Amino acid sequence: MIILLEIIALIAVLVVSLIIVIKSADLFVDNLVEIGGALGISEIILGVTASAIGTSLPEFGSALIASLSGNTDIGVGCVIGSNIWNIAGILGISATVAGFIGTNKEGLNRDWFMTLGTGLILIFFMLFGDINWIAAVIMIFAYCIYLWFLIKAQRKHGKNNSNNDSKEENHENNKKNKKSAINKKSISYIILGLAGLIIGCRLLVYSGVELAQIAGIPEMIMGLFTLAIGTSIPELVVTLSSAMKGLHDLSIGTILGSNTFNILIGIGVPALILSVPVEPLSLTLDAPVMIGVTVLLMLLIRVGGMKINRVAGIILMLTYISYAIVRIFIFG
Amino acid sequence: MYKKILVATMGEYMDDLIENTLNILNDKDAEVIFIYVVETSVPFLTPKKVKEMMISELKKRGEEILSHMEKAFKSSQESGIKFKTIMTEGKPAVEIVKTAADENVDVIVMGTGKSIVDKHLLGSVSEKVVHSAPCTILLVRTVN
């Protein structure tokens with residue numbers, strides 16, 4: 001009876017901490033953009049950065065806090081699990097519900113190759129055993145280059161659009177880009193958001209580890225599934241609702257951008273602070289599955305005429321279910 | 001017969017909607033209103049910046065659709081029929097019904113929309129409008 005109550009209490013902590021983490025990440029990014037704008041940083045840079053990190057902060061925070069508190073398995077599991085869930089689970093569900101998700105060739109090629117490349121980089125570093133600070137520096141540097149490409153692409157897109165805009169709108173934009181005073185409220189919200197992220201992630205990792213111990217589940221499984229799916233809620237709501245509204249670029253861009261961020265920053269930053277150990281099964285099963293679903297996604301897009309159609313969505317979901325069954329019941 | 005017609009569009013089957021609107025126009029004093037509703041609702045836990053980005057993209061798309069409709073409609077008919085476009089925010093079915101009542105239109109023209117599977121998964125705007133419209137509705141068959 002006491003164990004049951006303990007499990008219920010831990011599940012409640014897990015759910016509440018997830019909401020705290022997601023809302024805090026939103027508050028943090030939102031006000032960071034406000035301050036960036038006040039400091040005169042271009043709206044394009046702020047917009048690209050905010051959308052790139054906005055939905056992925058929960059995974060990053062959880063992976064970082066888990067690694068710092070000595071639960072590296074749960075951290076690495078959360079990152080790799082999120083990446084598999086993002087493609088096979090979230091894109092699968094979204095394409096099935098919305099009917100299809102369209103793609104833009106230029107954006108898809110850039111983001112997909114980056115997602116595949118980062119997955120291969122991760123496997124390469126995993127082959128050497130622990131992921132150390134040298135690998136971390138290379139990964140973080142690679143992410144900065146990717147961010148630069150995103151900003152460049154957005155600038156090009158912005159230029160094309162501004163050719164059609166009126167002078168009045170340009171004048172308004174210039175006014176917006178000028179420096180203004182930093183709002184003290186924004187600074188307080190950033191601190192509040194950061195505090196919420198740290199506390200929320202700590203509670204999330206704690207409840208995940210405790211639940212794993214009580215239920216006798218390996219921490220890696222907890223990270224790969226419970227935390228991975230939980231911290232990917234922002235990706236799920238954004239991808240699903242944008243697919244339903246027909247905003248296809250945002251839908252697929254959110255997933256591929258998040259997967260790149262999760263590996264390069266979600267594993268890169270913790271590895272910069274302390275070496276991240278690699279579990280053999282991660283190298284032989286989880287990471288190859290992550291690469292496999294990334295390749296499967298491109299194949300399904302090509303077969304579907306540059307779209308992820310409903311059949312492809314169902315195939316992706318079945319792939320995720322099969323992986324979950326094999327990972328939990330055969331290798332768990 | 002119909003003096004004021006409201007055409008609701010989400011950007012699909014625009015040619016079918018224009019063709020059917022022209023078919024029921026037989027009064028030179030008629031007025032045609034095209035409406036596009038920017039659906040602003042997003043699920044709980046959607047990041048604020050992403051929501052803003054979504055709304056901005058939908059507005060941009062709405063402007064393109066309405067401008068396309070205006071051009072296509074004007075090039076398809078010679079008489080001096082009055083024409084206007086409305087872009088509004090909210091729930092599509094609610095806004096279409098509200099605009100129909102506010103503008104006192106005689107008929108709403110819209111597509112039947114989705115397949116039976118899509119209707120169950122996504123819901124149907126036309127079905128909701130049918131139940132609460134203050135006027136006649138012409139549902140254009142748009143499902144293959």
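1. Let's start at the contact between the chains: 22 residues of chain B touch 25 residues of chain A. Bear in mind while reading that this is a predicted model.

2. How much area do chain B and chain A bury between them? The figure comes to about 2,000 Å², and carbon and sulfur atoms account for 67% of it. On the chain B side, the residues that lose the most area to chain A are Leu45(B), Lys49(B) and Met54(B), which together make up 30% of what that side buries.

3. Now the fold of chain B itself. You'll find five helices and five strands in it, and along the sequence they run β-α-β-α-β-α-β-α-α-β. Chain B has a radius of gyration of 15 Å, close to the 15 Å from the globule rule for 144 residues, so it is as compact as a globular protein of that length. Along the principal axes, its C-alpha atoms fill a box of roughly 50 × 30 × 30 Å.

4. If you take the contacts in chain B between residues at least 6 apart in sequence, 78% of them link residues at least 24 apart.

5. As for the surface, chain B exposes about 7,700 Å², with 49% of that supplied by carbon and sulfur atoms.

6. Last, the charges. Chain B carries 19 positive and 21 negative side chains. How far apart are the centres of the two sets? They lie 5 Å from each other.

Key: Residues numbered from 1 in each chain as written. Chains lettered and ligands numbered in written order. Predicted model: local features only at pLDDT ≥ 70, side-chain atom pairs only at ≥ 80, totals over all residues. Heavy atoms only, no water. Helix = DSSP H or I, 4+ residues; strand = E, 2+ residues; numbered from the N terminus. Rg over C-alpha atoms; globule rule 2.2 N^0.38 Å. Contact = heavy atoms within 4.5 Å. Areas by Shrake-Rupley, 256 points an atom, 1.4 Å probe, with all protein chains shown as cover. Lys, Arg positive; Asp, Glu negative; His and termini not counted. Charge placed at Lys NZ, Arg CZ, Asp CG, Glu CD. Buried area = accessible area lost by both parts, 1.4 Å probe.
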